[in-house]
Amino acid sequence: MNSRYDFCDVLDNALIHLYLTVAETARFTPKAKRNDILVRYLKPMIKDKRYQQGKKEIRSLISLGRVASYDLESKIVGLYELSQHYDQQATKAKQLFDLLTCIETELALPTRFLNIADNGVKLPNTIYMLQEHIENGFTIAGEQVAPVSLFLESDKVIDVVDLVNATDLFLAEIQQHNVDEKQGHILLHPKK
């Protein structure tokens, strides 16, 4: 979807690289050689701008891989499983943030809270949310208990609904849509 750094993808790709490299030979590949394969795969990522956010974690893995007695493959497998578990336990509140980031990236529609200090002036092609809906729509654990409203003045109302429903994170419903004024009110319901 975007070039955002995702540590789970780094771990997944490192393991795939290791297993494909090991599969090319019929001989047994000892732990030290497996570490070397992983270190050589991870090392270029330090200079790659896409992985700048995770440079510290990648360097740690490289340092561990250079210790001959260390089993880097097992460490990466463990981190990958932990990352997968975290992704499966992601809360609806985090999913809302991910969804809004996706909408901004795909449709160029940033999100803001509706602010009384703005005197009712809204920017076109901007999604507005009520802060109360976020505060009262989610439990402390981050689970959604009430629909969240999105308000926008744009000709992309239908595009937003289609994108939300395509992500399968929430169920989007058009509450109101004025095509002539290019105004829309979309409700985000929790996906069962």
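A helix crossing is called left-handed if the near helix is turned anticlockwise from the far one by less than a right angle, and right-handed if clockwise. With that in hand, welcome to a short tour of this predicted model, in which local features need pLDDT of at least 70, side-chain atom pairs count only at pLDDT 80 or more, and totals for chains, interfaces and linings use all residues. Residues are numbered from 1 along each chain as its sequence is written, and side-chain values use heavy atoms, with hydrogens and water left out. Helices (H or I, at least four residues) and strands (E, at least two) are DSSP runs, numbered from the N terminus.

**How α1 meets α2**

- The crossing between α1 and α2 is right-handed.
- Helix α1 (residues 7–23) and α2 have axes that come within 10 Å and cross at roughly 130°; axes here are lines fitted to C-alpha atoms, for helices over the stretch in contact, and angles run from 0 to 180 degrees between N-to-C directions.
- The two helices α1 and α2 are therefore oblique to each other, given that angles under 35 degrees count as roughly parallel, over 145 as roughly antiparallel, 65 to 115 as roughly perpendicular and the rest as oblique.
- On the α1 side, Val10, Asn13, Ala14, His17, Leu18, Tyr19, Thr21 and Val22 meet Arg34, Ile37, Leu38, Tyr41 and Leu42 in α2, where contact means heavy atoms within 4.5 Å.

**How α2 meets α3**

- Helix α2 (residues 31–42) packs with helix α3 (residues 55–65) at an angle of about 150°, and their axes are 9 Å apart.
- That angle makes α2 roughly antiparallel to α3.
- This time the crossing is left-handed, as α2 passes α3.
- Asn35, Val39 and Leu42 of α2 make the contact with Ile58, Leu61, Ile62 and Gly65 of α3.

**α2 on its own**

- The 12 residues of α2 should span 16 Å at 1.5 Å a residue, and the end C-alpha atoms are 16 Å apart, which agrees; the expected span of a helix is 1.5 Å times one less than its number of residues.
- Arg34, Asn35, Ile37, Leu38, Val39 and Leu42 are buried in α2 (buried means under 20% relative accessible area, exposed over 50%, partly exposed in between, with a 1.4 Å probe and protein chains only).

**α5 and the residue after it**

- Buried positions in α5 are Lys92, Gln95, Leu96, Leu99, Leu100, Cys102, Ile103 and Leu107.
- These residues cover an arc of only 160° around the axis, which puts them on the same side of α5; the arc is that of the directions from the helix axis to the C-beta atoms.
- Ala108 follows α5 and has a positive phi of about 55° although it is not a glycine.
- Ala108 sits in the loop between α5 and β1 and is exposed, with a relative accessible area of 51%.

**Other loop residues**

- Asp168 is in the loop between α7 (157–167) and β4 (170–178), and this non-glycine residue has a positive phi near 65°.
- Most residues other than glycine have a negative phi.
- Val121, in the loop between β1 (111–113) and β2 (127–129), counts as exposed at 57% relative accessibility.
- C-alpha to C-alpha, Val121 and Glu132 are 19 Å apart in space and 11 residues apart in sequence.
- Ala146 belongs to the loop between α6 (131–137) and β3 (148–153) and counts as partly exposed at 25% relative accessibility.
- Ala146 and Leu188 are 42 residues apart in sequence, with 8.7 Å between their C-alpha atoms.
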